[in-house]
Every structure is written in structure tokens, then in C-alpha cells.
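Below is a short report on a two-chain model. The sequence and coordinates come first, then the text.

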Amino acid sequence: MTPAAVSHQVSVTTQDDVVAARRQARAMAIELGFDAFAVAAITTATSELARNVFVHGGGGFVTIETLRTGERLGLCLTFCDEGPGIEDVEQALQGGFSTKRSLGLGLSGSRRLVDEFELTSTPGEGTKVRVVKWTRR
Amino acid sequence: MIPILRVAGHILVSVQTELGDDVVAQFQDAVLMAIHEDRGRTDGIVIDITALEVVDTYVARVLADTAAMAKLMGRRTVVVGMRPEVAATLVQMGFTLPGVQTALNIDDGIAWLDAQR
């Protein structure tokens, strides 16, 4: 039986919304059948990227949706904000880039936790990060 | 919100629930104040994170900062109970809690602190 595609949107304007986005991603990852390691990876990446939306982007939203390609199931998360954007994306992705009370590893670290990672940012208009994690089948 | 206990001559902090960023910051202050208020009656700090299913870079940073601050005050910290998936995730992200002593469980953590006396 093919599970129906599920999509949820979480608005991220407070610290509590970051926790809510994390919970939603975690619940959907467990529902899709990811193992404990993948669930932790997805939940942690969601925490990092949703925090960026709140702290650096001045708020925005997270869309979490299930994917199916042939036999593979995946979870796709999109983080959008209309904040100042990132001037130097390469530098931000290298890690160690100083941010507000985080390690500067949030962005580069999240990238290592997922299978697909796409960042688009326009200074003055905002940032969009799209990540995908596939189940191992 | 975050219970701080005194066990076997040490401070034991069990992080029981998922933490929002503001609670994480309160946690740090609470641990430092507990050290101060104990005025030398306790030796070390055990931070138990068994219940944490997620440790992101923010929480990891606060754990490392708290241990560093406690050290400046003259007290050692050991973080115990990290779940396998949390350890795997932190290392994948390139963060290994440098400078933070860890142990498998509370007993091992207390044994390590006792050995430092």
C-alpha cells in the first residue's frame, strides 16, 4: 500500500515554534519508518535550520512533506525566511562562521546530516533551505 | 523546571525534557548558582542527558560553556548518558564536545569525579 503524501507547515516566529517544528519533523520521520539515527539527524537538522529562520531570518516557516520515488520514501523540509539573506553562502557553509550564540556549525552541520541540501539566498530578500533525507531501502 | 540534586557529594542535574533555547540558558545559570550557593559543600557536577533525544549545536554549546564556566569557578563537570544517536549526530556535524568530560552513566560519572579529588 502506498502511503499518501503528507505535508505540514509550521510557522516559525518564536523559540517555541522551533521546538514545534522539531517535534513535527520527528513525528513524521518516525511515521515514515526512519531508524533512530536518521530520526535524530532529521530532528537535529530541523532544530538548526528552524533556529536560523527565527534568529537570523526574523521568522518564517517550515514545510515538511513526505516524498516517494519508486521504492524510496523520503522527508523533504523547506525552511523559508524573508530576512537579510546570506552575503557569502560559501563561507556560511564552511562552518566555523560566527553566529549569534551558536557554534557556526549549524548550517554546515545540518548539511552533513541529510542526503540533499539546497540553499538559495538573496541579500535583502531572504533565505530558503531545502533538505531531503531518504530511508534506506 | 530543571531539578538540581545533591548526590554523593556532587551536584546532579538531570535534564528531563526537550529544551527550548530560553530554558537552556536558564539551565546554565541554575547550575552556576548551585555551585556558588553550595560554598564548597559539593565537589563536582554531573549533567545527565539520558532523556535528551536531540542535542543540537546550541544545546551542545551551552553544555560545553557550562562546563568551562564551572571549571573557572573551580568545579569539574561530567556529562553522562548520551544516547547513541545523539553521539552519532554530533560527530557527523563535526562537533565532539571538546573539553567536556563524558561518562556512560551517572555511576561512572560520579566515579570519575571522585577520582579527581
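## The interface

The contact takes 23 residues from chain B and 23 residues from chain A, where contact means heavy atoms within 4.5 Å. This is a predicted model: local features need pLDDT of at least 70, side-chain atom pairs count only at pLDDT 80 or more, and totals for chains, interfaces and linings use all residues. Residues are numbered from 1 along each chain as its sequence is written, chains are lettered from A and ligands numbered from 1 in the order in which they are written, and side-chain values use heavy atoms, with hydrogens and water left out.

Chain B and chain A bury about 2200 Å² between them, and 52% of that lies on carbon and sulfur atoms. Buried area is the accessible area (1.4 Å probe) that two parts lose on being put together, summed over both. In chain B, E18(B), T57(B) and M93(B) lose the most area to chain A, together 25% of what that side buries.

The rule finds 3 salt bridges across the interface of chain B and chain A. A salt bridge is a side-chain nitrogen of Lys or Arg within 4 Å of a carboxyl oxygen of Asp or Glu. Between the two chains, 6 residue pairs are in polar contact, both at pLDDT 80 or more. A polar contact is a pair of N or O atoms within 3.5 Å; within protein, one must be able to donate a hydrogen and the other to accept it, and residues adjacent in sequence count only if both atoms are side-chain atoms. Helix 1 (21-38), helix 2 (57-72) and helix 3 (84-92) of chain B each supply at least two residues of the side of chain B that touches chain A.

R22(A) lies in helix 1 (residues 15-32) of chain A. Helices (H or I, at least four residues) and strands (E, at least two) are DSSP runs, numbered from the N terminus. R22(A) counts as buried because its relative accessibility is 4%. Buried means under 20% relative accessible area, exposed over 50%, partly exposed in between (1.4 Å probe, protein chains only).

| Atoms | Kind | Distance |
|---|---|---|
| R22(A) and S47(A) side chains | polar contact | 2.9 Å |
| R22(A) and D56(B) side chains | salt bridge, N to O | 3.8 Å |
| T14(A) side-chain oxygen and D16(A) backbone nitrogen | N-terminal cap of helix 1 of chain A | 3.3 Å |

Beyond four places in sequence, R22(A) is in contact with T43(A), T46(A), S47(A), E18(B), L19(B) and D56(B). T43(A) lies in helix 2 (residues 36-55) of chain A. T43(A) is buried too, with a relative accessible area of 1%. Leaving aside neighbours within four places in sequence, T43(A) is in contact with R22(A), R26(A) and V54(B).

## Helix 1 and chain A

Helix 1 of chain A has 18 residues. Its buried residues include D17(A), R22(A), R26(A) and L32(A). Their cover includes strand 1 (7-12), helix 2, strand 2 (60-69) and strand 3 (72-81) of chain A. Just after the helix, G33(A) takes a positive phi of about 95 degrees.

Chain A has 4 helices and 5 strands. Along the sequence they follow the pattern β-α-α-β-β-α-α-β-β. Of the 137 residues of chain A, 52% count as buried.

Key
The expected span of a helix is 1.5 Å times one less than its number of residues.
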